Amino acid sequence: KPGEQKHAKEPPSLQCMHLAVVACGDRLEETLIMLKSAVLFSSRRLCFHIFAEDSLKPEFETKLKEWPSSYTKKFESNIYPITFSVGNAQEWKKLFKPCAAQRLFLPVILKDVDSLLYVDTDVLFLRPIDDIWQLLSEFNSTQLAAMAPEHEMPKIGWYSRFARHPFYGSTGLNSGVMLMNLTRIRGARFKNSLIPGGLTWEEMLYPLYQKYKNYITWGDQDLLNIIFYFNPVLCVLPQSLRRLLPTAQGAGHCHLLRALVCSSLQLSEGLPWVVFSPTFCVLLSFPFEDNLFQSLYYPLQSRFLDTVHTLCGRIPQVFLKQIEKTMKKVYENRVIVYLGANHKY
């Protein structure tokens, strides 16, 4: 209308925070728990990009639809088959862990997505994804991605002691959490030890794998270390965020709690040990109630009190302090939204 100010419409790919995960084999429950933790605390809308084997696709669709509407309205989900655009698909699929190499092809597959947060299935969010998503705006003009170091101390880190290939920095990188500007990755030309002139991301992957496949131990994580060794266009995740995006394996070796079996699961060598940690167990049974303290925090606190004799039970503050802080923030936001910012008390 005449006199009205026009506002530029935000591109569709930027209207929500994009979260990607790869699930194969027996990772269904573990992945759902990770997604649940993301939805619980985040403020902005989420777009899930789930890459899964064909047998898991209907299960993901069914489980996600079972979530209450108050939560399903906070996200949209897209489920993709496992695909590799270059090289031998079976070779990629068997690299380190089943389907783990899929993350290397996200810039190629998700062509309409500008930026993306990739996480492994055993990652838990203890605070809103908004906090790590904000880091994208802090990238300098050359940075393409953000990752965490594999270890804090070079003297005892795996890469600094045993790696037989180039790696990033003094301790190498962990690929379990990777924040990516996909637009920049697709437009970049990467230096490498193969062709001096540089290659696109997709052109580089398979030749690089062929050159180093006899020297890599951790699969696609090693390839990412090699890539960013030759191309140090990386932002290292701040320590405050690294501590609040723990993997179940890295968070105090909670796999010692095998005796604490989640009620809906049976102890089996075929199941990932990670589901037996207190946090994963409580999130698995979380009933999506609005009172997070009653239905999530207190059960989690109780679970930790039952495990004080274990290494995981001795460090509850790692989880509980941040979860309490996040829940208070979520509650305050709901009160402000409900009452209105200008409400007079």
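**Entry 1: D131 and its partner.** I started at D131, which is partly exposed with a relative accessible area of 23%. My cut-offs are under 20% relative accessible area for buried, over 50% for exposed, and partly exposed in between, with a 1.4 Å probe and protein chains only. I then looked up the partner of D131: R127 forms a salt bridge with D131, and the closest N and O atoms are 2.6 Å apart. I count a salt bridge when a side-chain nitrogen of Lys or Arg is within 4 Å of a carboxyl oxygen of Asp or Glu. Shared partners also join salt bridges of D26, R27 and E30 into one network.

**Entry 2: ground rules.** The model is predicted, and local features need pLDDT of at least 70, side-chain atom pairs count only at pLDDT 80 or more, while totals for chains, interfaces and linings use all residues. Residues are numbered from 1 along each chain as its sequence is written, and side-chain values use heavy atoms, with hydrogens and water left out.

**Entry 3: the chain.** I noted 14 helices and 7 strands in the protein chain. These are DSSP runs numbered from the N terminus: helices are H or I with at least four residues, strands E with at least two. The protein chain has 345 residues, and buried residues make up 50% of them. I also checked the contacts with a separation of 6 or more: residues 24 or more positions apart account for 74% of them. Contact here means heavy atoms within 4.5 Å.

Entry 4: The structure holds 8 salt bridges. I opened the one between E30 and R27, where the closest N and O atoms are 2.8 Å apart. Is E30 buried or exposed? E30 is buried, at a relative accessible area of 1%. R27 is partly exposed, at 24% relative accessibility.

Next I took E91 and K213, a salt bridge with the closest N and O atoms 3.6 Å apart. E91 lies in helix α4 (residues 89-93) and K213 in the loop between α9 (201-212) and α10 (220-230), so the pair ties together parts 122 residues apart in sequence. Both ends are partly exposed: E91 has a relative accessible area of 23%, and K213 has 32%.

**Entry 5: α9 against α10.** Two packed helices are described by the angle between their axes and the distance between the axes. At what angle do the axes of α9 and α10 cross? They cross at roughly 115 degrees and come within 10 Å. The two helices are therefore roughly perpendicular to each other. The classes are roughly parallel under 35 degrees, roughly antiparallel over 145, roughly perpendicular from 65 to 115, and oblique for the rest.

The crossing of α9 and α10 is right-handed. Right-handed means the near helix is turned clockwise from the far one by less than a right angle, left-handed anticlockwise. From α9 the contact uses W201, M204, L205, L208, Y209 and Y212, and from α10 L223, L224, I226, I227 and F230. These residues divide into 11 nonpolar, no polar and no charged. Nonpolar covers Ala, Val, Leu, Ile, Met, Phe, Trp, Tyr, Cys and Pro; charged covers Asp, Glu, Lys and Arg; the others, Gly among them, are polar.

I then checked how covered α10 is: 9 of its 11 residues are buried. Among them are D220, D222 and N225. The buried residues of α10 pack against α4, β5 (145-149), α7 (158-162), β6 (173-181), α9 and β7 (234-236).

**Entry 6: α1 against α2.** Helix α1 (residues 28-41) and helix α2 (residues 57-65) pack at about 40 degrees, with their axes 11 Å apart. They are therefore oblique to each other. The crossing is right-handed. L28, T31, L32 and L35 of α1 meet E59, F60, K63 and L64 of α2. I sort this contact into 5 nonpolar, 1 polar and 2 charged residues.

Entry 7: F190 sits in the loop between α8 (182-187) and α9. F190 is buried, with a relative accessible area of 1%. Leaving out residues up to four places away in sequence, F190 touches L144, I185, G198, L199, T200, W201, M204, I227 and N231. F190 and I227 are 37 residues apart in sequence and 7.8 Å apart in space, C-alpha to C-alpha.

Y71 lies in helix α3 (residues 69-72). Y71 is buried, at a relative accessible area of 1%. Y71 and V39 are 32 residues apart in sequence, and 7.0 Å apart in space, C-alpha to C-alpha.

Key. Axes are lines fitted to C-alpha atoms, for helices over the stretch in contact, and angles run from 0 to 180 degrees between N-to-C directions.
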